[in-house]
Amino acid sequence: MSDAGYDHAAVERRWQEAWDDEGAYRTPDDVDDPTYVLGMYPYPSGKLHMGHVRNYTITDAYARYRRMTGDEVLHPMGWDAFGLPAENAAKERDTNPRDWTFDCIDTMRDQMEAMGFGYDWDREIATCTPEYYKWNQWLFSRFHDEDLVERRDAEVNWCPECETVLADEQVEGEAELCWRCDTPVEQRELEQWFLQITEYADELLEDIDDLEGWPNSVRQMQRNWIGRQHGTELEFAIEGHGSVEAFTTRVDTIYGATFFALAPDHPISEELAAEDDAVHEFIEHEADPEGDEPNGVETGLTATNPVTGEEIPVYVADFVLSDVGTGALMAVPGHDDRDHAFAEKMGVDIDPVIAPSEDEVPDVSEEAFTDDGVLVNSGEYSGLDSETARERLTEDIDSAEEATQYQLRDWGISRQRYWGTPIPVIHCDNCGPVMVPDEDLPVELPEFINTTGNPLDAAEEWKQTTCPDCGGEATRETDTMDTFVDSSWYFLRYVSPDSEDVPFDLEQANDWMPVDQYVGGIEHAVMHLLYSRFFTKVIADHEGLEHREPFTNLLAQGMVQLEGEKMSKSKGNVVSPQRIVEEYGADTARLFMMQAAQPERDFDWSEEGVRSTYAFLTRLQGMVEDYTANEPDGDDDAIASYVDAEIDATIAIATDEYDDLTFNKALRETQDLVRTLRQYVDSTEPHADTYERGLSAVVRLLAPVAPHLAEELHDALGNDGFVVDAEWPTANVDYDYVAKRRRLVENTREDVRQIIDIAGIDDPQAIDVVIAPDWKYDALEIAIESDAPNLIGELMGESHIREQGDAAASYGQDLQAEREALSMTLEPDEEHAALESAAWLIEREFDAPVSVVRADAVDDSVLKNAEPGRPAIEIAD
RNA sequence: GCGAGGGUAGCCAAGCGGCCAACGGCGGCGGACUCAAGAUCCGCUCGUGUAGACGUUCGUGGGUUCGAUUCCCUCCCCUCGCACCA
């Protein structure tokens, strides 16, 4: 490396201080409906990683872009500050989660400032503060008021050695050992608090259709997660055990039900186990719900088919899951793959009752026929199509009714941990669980106690309290909330982060919400994004929020990889943002990432790429420096007009791309313009206004991504005020014109190259570029507009075309041949001007004079190759 | 198995009815600059071709169209999500 590059550290420090002094990124409360740009807030681990940098560079660049186009922008940041890692770290370091968390927050905030992210830090929130989590508790009470909270038994992972509940990720390996003491983990039933998200299942599902600003993948994942299925619930009678409810989506196959199956933990299975050794043995030892092979045991009982009255054998089978449907099913081996496999194994009948068509009964002995079709062997229902049969049977069977099943379960929010929001409940022996009254909120966390179990359980003094209802002795709930509760409404808190009497200012939220652009990782496709939608809907129904969806546009950003692999500590392939910022500066890191790929795609980190990005910024800085030190004095000539047009083109394209968040394309155009400007300054004395307009445009087009250097150069170019507040550059031409002009110039240059190459011209002496005669443009226009069958005839109707004689006939035939594909080119004058202004590029390349001439200045023989959009080219060697 | 997104020149990757042998980048080749290297800049990079042409290409096989990389169908392959889901 010969040249060191610009002094990024000084530039970045200077502007970060200047922004800070001016409060450049504050969004006052009185602005009207700002553009709300939000990145998913991070867990304060203490270190910014490349994924964060990419995430927040995207939101920052977009926020800055929208701001420069004149929008008010809301771009806040905060901390998902509760969570288990803080507890673990506190134990390891013999401190407490709170101090550790705030240390991490301070470090990460500094790192974010070093990256130049333009946040309104006055709106910063941290979910672990009582000012924030008070409102988690308050919202919990409101959910309770609306009967959306339930307390019931649920299974949890339990380590008997540590006497604590473990999260799934703390259970290690196939053997399911505790991560701390390697004791085998047990399942335990504990009373848990649930939020009844299933009450909103239908709306959550149906509204996905309207989330047009979301990626399809995320929408589909949410649909799958909710997993709604319409079907029929009906009863089969089992002798001695009464009626058993079964759910099926294929009641049309009921005549083919040849056995009935119960989940191993179905109540009837458990009853049977008590009296039947074989069933007991199966449930305790053989059942393997995880295995691929369906296993089962015959009970000796029969179930009565409610339609046919037939008695079919009842099995207890491990492929039947108690949490799917009703945990009991009518099995139709002829038309269900899994039932088929089981029937084959156990030797149960397999009967076809659905056929592809009436006279084509399928052979189901080898394989089930699972499509809808026409009913056969189905008594009075034979001949009906599946759909109609389902409706009729559901109507006709006494015990049957339409039913909808969901895969979505209620949301268990109880966590037996310290570092979370205390669930605001008091347990009283007389009154049961009682909500803490609103005026007593927040229930604050007590001091952290380093213990093996739940520290809240050990905080005796905190735990002992009195019942709000009866005043008797009572104890506090010691569970805390899942941290996904915190993140389900944080985007509302930014609207009025200091509100003391309400979680958020309703009027302000109605004006400012929803979030216009949300950006984050795909790992939150279901949980966080679904819970946030749920909270938003509940708050809309009961707290007056006028929005039912929180995020209008969602971008799931791709991963930053190294050699095709995800960066991870365990692989040791982590590139540290700190090191990059120190070596090359934040602007380089940001620019490299944004130009490397579209935001939603994965891309490889490349040190080479970073270096060349840094070199680009250094060169640009040098260009501006040279310009201001020594202002050029060239003419406003043809070359200047070419450069001017290219500036317009770049602005037009880059602006479109910024709108789409395809920064990579916008930046490619911008870098191209820098190249054009360098060619300009290399080949002639530039026209000062034109050159400066170009530099100024480049600086502003880069400003959203490389804000520090942009400020520096904006300042160097003699502007007052921040580039942050500068106006987005505007183009004076439309996109269509730009595209045509560029294509014309590019095609012409290519043609010249090709001729020189093919004809083997070593040293061209002069190059003439000849615009087609006006009549050809007229003819083209007529050809495009005409729908006459005989185009030549129509053209010859025009006297000024007819008098061209053979040339007209010949061109007319060309037009006729390509008639369907014709499109308008630039006007002759526009074409002339475009080529004239681009002639220098050809001169520069071939070192020969180029003249762009009009048709009337040359001999007819030259003109035969000239067409609108494609000039004739004559090269003298 | 179901669902979503993909398969484009040596590699990565745009295009998504005619302007397409197909943007851009990487790699490779040649040239300018340099004492040299690096950086930078300019070309070339499917085949043939002594004036801008022609031929064969965009997973496979069909189809629609005057015309398909672009639209429809079949099949094959990849990635992601869900799944003994009744």
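**Exercise 1. Work out which element gives the largest share of the lining of the second largest pocket, and describe that pocket.**

Step 1. Start with the share: E15 supplies three residues, the largest share of the lining. Strands here (E, at least two residues) and helices (H or I, at least four) are DSSP runs numbered from the N terminus. A pocket is an open set of points on a 1 Å grid over the protein atoms alone, with protein on both sides within 12 Å along at least five of seven lines, and lining residues have an atom within 4 Å of a point.

This is a predicted model, where local features need pLDDT of at least 70, side-chain atom pairs count only at pLDDT 80 or more, and totals for chains, interfaces and linings use all residues. Residues are numbered from 1 along each chain as its sequence is written, chains are lettered from A and ligands numbered from 1 in the order written, and side-chain values use heavy atoms, with hydrogens and water left out.

Step 2. Now the whole lining: 34 residues, with Gln229, Phe247, Val324, Leu329 and Arg338 nearest the pocket's centre. Two or more residues each come from strand E11 (242–248), strand E15 (328–331) and helix H10 (337–346).

Step 3. Sort by class, and you get 12 nonpolar, 12 polar and 10 charged residues. Nonpolar covers Ala, Val, Leu, Ile, Met, Phe, Trp, Tyr, Cys and Pro; charged covers Asp, Glu, Lys and Arg; the others, Gly among them, are polar.

Step 4. The volume is about 860 Å³, taken as the space filled by probe spheres set on grid points joined across faces, edges and corners.

**Exercise 2. Find what lines the largest cavity.**

Step 1. A cavity is a set of points where a 1.4 Å probe fits but cannot get out. There are five of 30 Å³ or more, and the largest has a volume of about 40 Å³.

Step 2. H30 (828–846), H25 (735–758) and strand E32 (850–853) each bring at least two lining residues, with H30 giving the largest share, four.

Step 3. The lining includes Val745, Leu835 and Val850; by class, eight residues are nonpolar, one polar and one charged.

**Exercise 3. Trace the pairings of strand E5.**

Step 1. E5 (149–159) runs antiparallel to E9 (186–195) over 10 bridges; pairing takes at least two DSSP bridges. Aspartate 153 has glutamate 191 in E9 as its bridge partner.

Step 2. E5 also pairs antiparallel with E6 (164–166), over three bridges, and tryptophan 158 stands opposite valine 165 in E6.

Step 3. Four residues lie between the strands of the E5 and E6 hairpin, where glutamate 163 takes a positive phi near 50 degrees.
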